[in-house]
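Let's take a friendly walk through this protein model, one region at a time. Keep the viewer open as you read.

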Amino acid sequence: MDTYVVPFERVGQHDIESVGGKNASLGEMIRALAPLGISVPDGFATTAHAYREFLRQDGLDARIRAELATLEVNDIARLAATGARIRQWILATGLPPPLEQAVRDALRQLGGGRQIAVAVRSSATAEDLPEASFAGQQETFLNVRGEAQVLAAMHAVFASLFNDRAIAYRVHQGFDHSAVALSAGVQHMVRSDRGASGVMFTLDTDSGFRDVVFITAAYGLGETVVQGAVNPDEFYVYKPALRQGKAALLRRNLGGKAIKMIYAEPGEQARVRTVEVAPEQRARFCLSDADVLDLARQGLIIETHYGKPMDIEWGKDGESGKLYILQARPETVQSRSGRTIERFALKSSRTRVLATGRSIGQRIGAGPGRIVREVREMARVHSGDVLVADMTDPDWEPVMKRAAAIVTNRGGRTCHAAIIARELGIPAVVGCTDATARIGEGQPVTVSCAEGDTGYVYEGLLEFEHRQIELGTLPKLPVKIMMNVANPDRAFGFAAIPNRGVGLARLEFIISRMIGVHPRALLEYAQLDAGLREQIVPLMAGYSDPVSFYVEKLAEGIAQIAAAFAPEPVIVRLSDFKSNEYANLIGGSRYEPREENPMLGLRGAARYVDERFRPCFELECRAIKRVREQQGLENVQVMVPFVRTVAEGRRVTELLADNGIERGERGLKVIMMCELPTNALLAEEYLEHFDGMSIGSNDLTQLTLGIDRDSALVAHQFDERDPAVRRLIAMAITACRNQGKYIGICGQGPSDHPDFARWLLDQGIESISLNPDTVVETWLRLAGESERQ
């Protein structure tokens, strides 16, 4: 290896001590993965030897050691003064002439005689190791042109090894300052300023779920995504489907993408500048589906080569349309998680919501809000404060670990604030838009990231619980424990809890939260008045037309749950909105009747056979067919709710078959909810048209005893253990077992009443489907009961 400079193509994984983790990884990909289709822009790296030779000039290294020997990094003011002094010493010391000449020669060779734009980045010899990786510790310089500018940027990169955040991090991680050297990487820039760029993880960053690739993307240079200056587009790609050549794109979330970073014009002092993105571009995804899948394939190749989950930066050249990998390093947070999972849940009633954004970390934190607008205000943040800012900066890292939670106006799930929050185990809500205006200085707030993809900032200090679950301690059971899952955003996390699949996946949550529009309003979009269309347009941004928006969004929600639990079965219940609930959707009041008792009105199977609603039902069929056939998620089963008569049940299964959802096709089961007395009394007749039953114990109890469970006057008499209810449940179980068909129960009775759960086991119930937060306790209780028997 050359003494001062080495081309990327001549280094690999084994050269971390010489060129640092980042540059070694670039060389490794160029050497080993280019034949597999991985494109990495060329470049070169200075060596650790060159850096150490530079520091030996005039005893600079000895002065730095002496300055750091007595430093207390938790003293923010002293840390800042010491760091500034050391950086000034470094910048005042010239680069060794042999190093300068080696850089000039390498730059000329890289440009082929032309002056090209390059990025100058740091690569520390202790950076990007499995046990050490903090985002943005040292400086990066973009669109650097000419030998003098490259040398100046390299000099500044050398000084950045002693940024305040880098000094504090090494102390907290136990690294000897003098044992860490710096390599400067000089890389040919692709024209992503005219295209797009972002970050890709080969797992889900919040839950650690390994079967997806998670991609964030925005227009322009990638610094805006990394810094959290934009709310980017997000994409999930399902690895098994990608490997099988199936439709692998699970989920798309359209980001705001309000600004982009581009090259500055010649003659401007700055090298890059930030400009606003046109509204029509913001309303589109900045990557095509083909680009997303191409990136994901490259991510899989890189992950397979390294044998571990990876954190990858990428860029799309806007002139050539080609995708490039700019950096790749091991993911260091979720990939180190063990067999213990943590669960946070609010215990007290929710208060007024002050702000919402993207949730990071699935935790809850509370404390006084501390508004920080610039780096010099960092010292105001005390232990237990909630740090609130427009966006965080790497310089803030020394105090971020003090915070009980972090809230930002801008940023996505791969921005600096998100990465640091995960590493520190702190909840963060990013991309809130106006949190600094809505949260008062010193105002007590609770930050909840435990409610799905959306994070909430609540007024006041709310009580919450924190539990740790040892997954390896759960014993075997004589029954399948399944889950009730409504929110696709939480599916990846729930899948980490031991389970045998999903016994009830409700479409209502997906329709109300991810779509929000009545399906007939989308089918009849052209006939709607202008006011309704204005409400719908922003919701369907990024999708080709109103109907595609409905079908694709519904399919995305179903697919995310199915992928999380595959290959275990996921029983998807067709929509069971009542008329008053459908009326609450945008446009719903145009189409829904006013019923005195919606609980017993137009709902469930009756809607599917109704001529007015049937086109909406057909959209649900299209979504399920798409998930099973195009995406290959054949673990999806279908469940029909609220079937009043055998004839109605037969008609629904015929309509399903007419729409390509046919029993037995590719293992498909069509199950019915057993939630009316007629379903149990005539179970054998119903089972001629269905492949099993799932007992909805709440509705079955309500309709057997004639009790409105929402009425305080009679709710005390609601009891799933009533002899009449038990007799009906026993009839349904017996009928299903006699015919060898599926029989499960979904409801909270088994978790609320141990004696009821024990009785269900005695009757031969096949599965019990529970809310995820009660799975472990019920599991252990049933195991204890089983041992006693």
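Predicted model: local features only at pLDDT ≥ 70, side-chain atom pairs only at ≥ 80, totals over all residues.

**The barrel**

Start with the seven strands that close into a barrel, in the order β15-β19-β18-β17-β16-β20-β21, with mixed pairing. Neighbouring strands in this sheet are turned by 35° against each other on average, direction ignored. Helix α13 (residues 416-424) packs on the sheet, where it touches β15 (353-360), β18 and β19. The direction of α13 makes about 75° with that of β15.

**A buried strand**

Is strand β28 enclosed or open? Five of the five residues of β28 (residues 692-696) are buried, so the strand is largely enclosed by the rest of the structure. In a regular strand, side chains alternate between the two faces of the sheet. In β28, G692, S694 and G696 point one way, while M693 and I695 point the other way.

| Partner of β28 | Residues | Bridges |
|---|---|---|
| β27 | 670-674 | three |
| β29 | 742-746 | five |

M693 is a handy landmark: M672 stands opposite M693, and the bridge partner of M693 in β29 is I743.

**Two packed helices**

Two packed helices are described by the angle between their axes and the distance between the axes. Helix α4 (residues 76-92) and helix α6 (residues 147-159) pack at an angle of about 145°, with their axes 9 Å apart. The crossing of α4 past α6 is right-handed. On the α4 side, R87, I90 and L91 meet H155, A156, F158 and A159 of α6. Sorted by class, this contact has five nonpolar, one polar and one charged residues.

Most residues other than glycine have a negative phi, and most peptide bonds are trans. Against that background, A566 and P567 are joined by a cis peptide bond, with omega about 5°. P567 is found in the loop between α19 (546-565) and β25 (570-573).

F642 has a positive phi, near 50°, and lies in the loop between β26 (636-640) and α23 (646-658). With a relative accessibility of 1%, F642 counts as buried. R666 has a phi near 50° as well, and its place is in the loop between α23 and β27. R666 is partly exposed, with a relative accessible area of 45%.

Note on methods: Residues numbered from 1 in each chain as written. Heavy atoms only, no water. Pairing = 2+ DSSP bridges. Helix = DSSP H or I, 4+ residues; strand = E, 2+ residues; numbered from the N terminus. Axes fitted to C-alpha atoms, helices over the stretch in contact; angles between N-to-C directions. Contact = heavy atoms within 4.5 Å. Buried < 20%, exposed > 50% of the residue type's maximum accessible area, 1.4 Å probe, protein only. Left-handed = near helix turned anticlockwise from the far one by under 90°. Nonpolar A, V, L, I, M, F, W, Y, C, P; charged D, E, K, R; others polar.
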